[in-house]
Amino acid sequence: TYDKGDGLPTLECSGGCQPAGCVTEDGRLWFPTSKGLVVVNPGEVRINRLPPPVVIEDILIDGTRPVPGDRPLRIPPGHNRLEFRYTGLSLVAPEKVRFEYRLEGLDQEWIDAGTRRSANYSYVPPGRYTFHVAACNNDGIWNDTGASLTFVILPHFWQTWWFRSLNIVLLALVISGTVWSATRRRMRWRLERLE
């Protein structure tokens with residue numbers, strides 16, 4: 001729970017032959033460290049009740065930054081590798097801010113990112129998506145609103161619905177033509193046999 005940011009002189013708490021810690025009658029907790037005794041008064045510990053504001057700082061497409069433009073952001077066809085960079089603003093203990101994110105349209109559940117401040121997706125198929133990120137402060141108070149970014153990955157022409165529909169129509173025509181041709185040949189063969 002506590003580290004050097006909270007005032008501990010070292011993270012190593014060992015009592016050797018002594019107990020690893022003790023509680024005095026006034027409720028204080030005492031811990032021996034390699035650099036001296038540490039005391040915590042639980043009655044004086046304040047909880048940080050301020051949830052951290054969350055900001056999406058950047059989105060990298062195939063390793064490069066996009067040009068700011070229309071909202072929702074329109075990503076050209078063939079660019080499917082995405083990296084989202086975000087942060088949670090906390091002045092009390094910024095290194096303890098934890099995150100979770102979700103790419104609506106791809107992820108079913110929220111992904112726990114811990115203290116990592118980026119999310120990577122190696123392949124995102126064409127479609128419309130919204131990236132959501134939420135953060136909690138050092139005391140576990142969550143900013144449930146978080147931040148979000150909506151974007152569209154445009155498809156190549158062969159990935160569009162009209163191209164697929166055209167392929168289905170062409171396939172139906174080829175099958176119909178083949179059946180018609182085979183039926184006609186068979187009828188001609190029968191007529192030749194009758195003659």
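This is a predicted model: local features need pLDDT of at least 70, side-chain atom pairs count only at pLDDT 80 or more; totals for chains, interfaces and linings use all residues.
**Stop 1: the core**

Select Phe84, Phe131 and Phe151. These residues have the most contacts inside the largest nonpolar core, a set of 24 residues. Now colour the strands that build this core. At least two of its residues come from each of β4 (54-61), β5 (73-75), β6 (82-88), β7 (98-104), β9 (118-121), β10 (127-136) and β11 (142-153). As background, nonpolar side chains in soluble globular proteins tend to be buried together.

**Stop 2: the surroundings of Phe131**

Keep Phe131 selected and show what touches it. Which residues are in contact with Phe131, leaving aside its neighbours within four places in sequence? The list consists of Ile56, Phe84, Tyr86, Tyr101, Arg102, Leu103, Ala119, Tyr121, Ala147, Ser148, Leu149 and Phe151. Keep Arg102 in mind, as it returns at the next stop.

**Stop 3: salt bridges**

- Select Glu104 and Arg102. Their side chains form a salt bridge, with 3.6 Å from N to O. Glu104 has a relative accessible area of 37%, so it is partly exposed.
- Select Arg81 and Asp62. The N to O distance in this salt bridge is 3.8 Å. Arg81 sits in the loop between β5 and β6, and Asp62 in the loop between β4 and β5, so the pair ties together parts that are 19 residues apart in sequence. Arg81 counts as partly exposed because its relative accessibility is 45%. Asp62 also counts as partly exposed, at 26%.
- Select Arg28 and Asp26. Here the side chains meet in a salt bridge at 3.3 Å, N to O. Is Asp26 buried or exposed? Asp26 has a relative accessible area of 51%, and exposed means over 50%, so it is exposed. Arg28, at 33% relative accessibility, is partly exposed.

**Stop 4**

Go to helix α1, which covers residues 161-194, and find Val169 in it. Together with Val169 they form a nonpolar patch on the surface, and the accessible area of the three is about 280 Å². Why does Val169 count as partly exposed? Its relative accessibility is 47%, and partly exposed lies between buried, under 20%, and exposed, over 50%.

To finish, show the patch of Val169, Leu170 and Leu173 on the surface together with Phe84, Phe131 and Phe151 from the largest nonpolar core.

Conventions: Residues are numbered from 1 along each chain as its sequence is written. Side-chain values use heavy atoms; hydrogens and water are left out. Patches are made of residues with over 30% relative accessible area and no salt bridge: like charges are joined within 9 Å, nonpolar side chains (Val, Leu, Ile, Met, Phe, Trp, Tyr) within 5 Å. Accessible areas come from the Shrake-Rupley method with a 1.4 Å probe; for residues, only the protein chains shown count as cover. A salt bridge is a side-chain nitrogen of Lys or Arg within 4 Å of a carboxyl oxygen of Asp or Glu. Helices (H or I, at least four residues) and strands (E, at least two) are DSSP runs, numbered from the N terminus. Buried means under 20% relative accessible area, exposed over 50%, partly exposed in between (1.4 Å probe, protein chains only). A nonpolar core is a set of buried Ala, Val, Leu, Ile, Met, Phe, Trp, Tyr and Cys residues joined through side-chain atoms within 4.5 Å. Contact means heavy atoms within 4.5 Å.
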